[in-house]
Amino acid sequence: MAKWTPKHEAPEPLEGPVVATITGGTIVWFVLFLVQLPFYGWYDDHGRTWWLWTCLAGGGLGLIGVWYVRRRDAAIKRSAAGATTPTVIPSNE
């Protein structure tokens, strides 16, 4: 079987409001958990409690994601600021 090779280069990754996107998704997961929580008895009777725990896990993982993307965004900004700052070389006079 022949190995597949791309015919063109991959496009550049899209950069957007990553922190806002991850924060919004995390809020949605927690809201879904809170909306379903009053119906825990029904979910338990029908064997669907995993729906609640999936939403809670999504919110928890979203918190980790928010922490990660905030640090990534700060590192990108630090790197960009360091690249534009000229390097001063001390003279030996």
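In the predicted model, F33 is buried, with a relative accessibility of 11%, a value that falls under the 20% cut-off for burial. F33 belongs to helix α1, which covers residues 18–36.

A search of the whole structure returned five aromatic pairs. In one of these, the ring centres of F33 and W53 are separated by 6.2 Å and the ring planes meet at 40°, so the pair is classed as tilted. Because F33 is in helix α1 and W53 is in helix α3, this contact ties together parts of the chain that are 20 residues apart in sequence. W53 has a relative accessibility of 43% and therefore counts as partly exposed.

W53 also pairs with Y40, in an edge-to-face arrangement with a centre-to-centre distance of 6.3 Å and an angle of 65° between the planes. Y40 is located in helix α2 (residues 40–45) and W53 in helix α3, so that the pair links distant parts of the chain, 13 residues apart. The relative accessibility of Y40 is 33%, which places Y40 in the partly exposed class. A single aromatic cluster is formed by W42, Y43, W50 and W51.

On the surface, a nonpolar patch consists of L61, I64, W67 and Y68, which together present about 500 Å² of accessible area. L61, one of the patch residues, is part of helix α3, which spans residues 50–84. With a relative accessible area of 58%, L61 is exposed, since the exposed class begins over 50%.

Conventions
Residues numbered from 1 in each chain as written. Predicted model: local features only at pLDDT ≥ 70, side-chain atom pairs only at ≥ 80, totals over all residues. Heavy atoms only, no water. Patch = residues over 30% accessible without salt bridge, like charges linked within 9 Å, V, L, I, M, F, W, Y side chains within 5 Å. Areas by Shrake-Rupley, 256 points an atom, 1.4 Å probe, with all protein chains shown as cover. Salt bridge = Lys/Arg side-chain N within 4 Å of Asp/Glu carboxyl O. Helix = DSSP H or I, 4+ residues; strand = E, 2+ residues; numbered from the N terminus. Buried < 20%, exposed > 50% of the residue type's maximum accessible area, 1.4 Å probe, protein only. Phe/Tyr/Trp six-rings, centres within 6.5 Å; stacked < 30°, edge-to-face > 60°.
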